[in-house]
Amino acid sequence: MASATIAQMRAVEALARTGRFSRAAEDLGVSQPTVSTQIQAFEELCRTRIFVRDGHTIRLAPGASEMIAKIRVALKCIDEVDRSITDTSALKGGLLSVGFSAHRLIMPTLTAFVRKYPTLHLQTRGGPSLELTASVLRGELDVASVSQAAPDHRFASVKLRSSRVAIYGAKGHRLLKKGRLKLSDLDGQDMVLWNSASGTRVVLEEAASKQGVRLKPVLEVATLDVAYAAAAAGVGLAISIEGEVRSDEYIDVAPVVGPELAIGHYLITLPDCREHAAVSAFFDIAMEQGSAEGGAMP
């Protein structure tokens, strides 16, 4: 029985990532007909469609995401074998993709990693924790630093630190003057909340639900600058990790007391990739930097 080839898997992964045959061919350094042939052969082996073609638009067929994730993990493992053969002394080349929801938390690790391995190409992407988690599962990211209440056992992970949830709002807001809040203080308050993919929002909403606290979102945001501007303008109270946003001439900040509002910051990767050289090196540096000062984005 015929088996899928590495070339076929690379063609499938490239098309899934780029969405165009021409871009996939350019990325792989082969001709467009070669990519088309490789994908056709792979689909014949699978006896199912991996892609749906609608004119020039290419999208994944329903149910194909799991196959693409497996292909990406397989290719990472193959690349790791190649690296171990050609690069036995140090991480001199290759690519590591890192996602983060906590830019201040991960920055010391990124800085130390780049300094130690200057010839290894590092790609980074910021975003909400749940989106980054999904990207690691799909094989789009090698590593991600995310905020969550507890370890996710789908991943190999290490806890870097814990933080409290904090609330910030316009300077002089009556609830923030006392320097700390109870969760019940937020009942019925206008809130500026991160989108539903935020680990911090998930923790806050779960705790509020358990205590019967009614959160009142009036604005949903996806970036820190918009959240800050809205809070400073008095639109509502915004949420953050303690230390990430600091009091200034426009806003006041106060932590929310209570153990149910502590959130952990975890470095995660797929179990099959944990011992890959670049991933392992990143984990080592992250654990060394784990106690470094800094805040975190939700």
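A crossing of two helices is called left-handed if the near helix is turned anticlockwise from the far one by less than a right angle, and right-handed if clockwise. Before using that, note that this is a predicted model, in which local features need pLDDT of at least 70, side-chain atom pairs count only at pLDDT 80 or more, and totals for chains, interfaces and linings use all residues. Residues are numbered from 1 along each chain as its sequence is written, and side-chain values use heavy atoms, with hydrogens and water left out.

**Stop 1: α1 and α2**

Select residues 6-18 for α1 and 21-28 for α2. Helices here (H or I, at least four residues) and strands (E, at least two) are DSSP runs, numbered from the N terminus. α1 passes α2 in a right-handed crossing. Their axes are 8 Å apart, at an angle of about 125°; axes are lines fitted to C-alpha atoms, for helices over the stretch in contact, and angles run from 0 to 180 degrees between N-to-C directions. α1 and α2 are therefore oblique to each other. Angles under 35 degrees count as roughly parallel, over 145 as roughly antiparallel, 65 to 115 as roughly perpendicular and the rest as oblique.

Now show side chains. Among the α1 residues that meet α2 are Arg10, Ala14 and Thr18, and their partners in α2 include Phe21, Ala24 and Leu28. Contact means heavy atoms within 4.5 Å. This contact divides into six nonpolar, one polar and four charged residues. Ala, Val, Leu, Ile, Met, Phe, Trp, Tyr, Cys and Pro count as nonpolar, Asp, Glu, Lys and Arg as charged, and the others, Gly among them, as polar.

**Stop 2: α1 and α3**

The contact of α1 with α3 has ten nonpolar, two polar and no charged residues.

**Stop 3: α5 and α9**

Next select α5 at residues 103-116 and α9 at 277-289. Their axes come within 9 Å and cross at roughly 130°. That makes α5 oblique to α9. The crossing of α5 and α9 is right-handed. From α5 the contact includes Ile106, Leu110 and Phe113, and from α9 it includes Ala281, Phe282 and Ile285. By class, this contact has ten nonpolar, two polar and one charged residues.

**Stop 4: the largest pocket**

Which residues lie nearest the centre of the largest pocket? Select Lys76, Asp79, Leu95, Ser97 and Asp142 to see them; the pocket is lined by 30 residues. A pocket is found on a 1 Å grid over the protein atoms alone, from points where a 1.4 Å probe fits, as an open set with protein on both sides within 12 Å along at least five of seven lines; lining residues have an atom within 4 Å of a point. The largest pocket has a volume of about 840 Å³, where volume is the space filled by probe spheres set on the points, joined across faces, edges and corners. The largest share of the lining, seven residues, comes from α4. The lining has ten nonpolar, seven polar and 13 charged residues.
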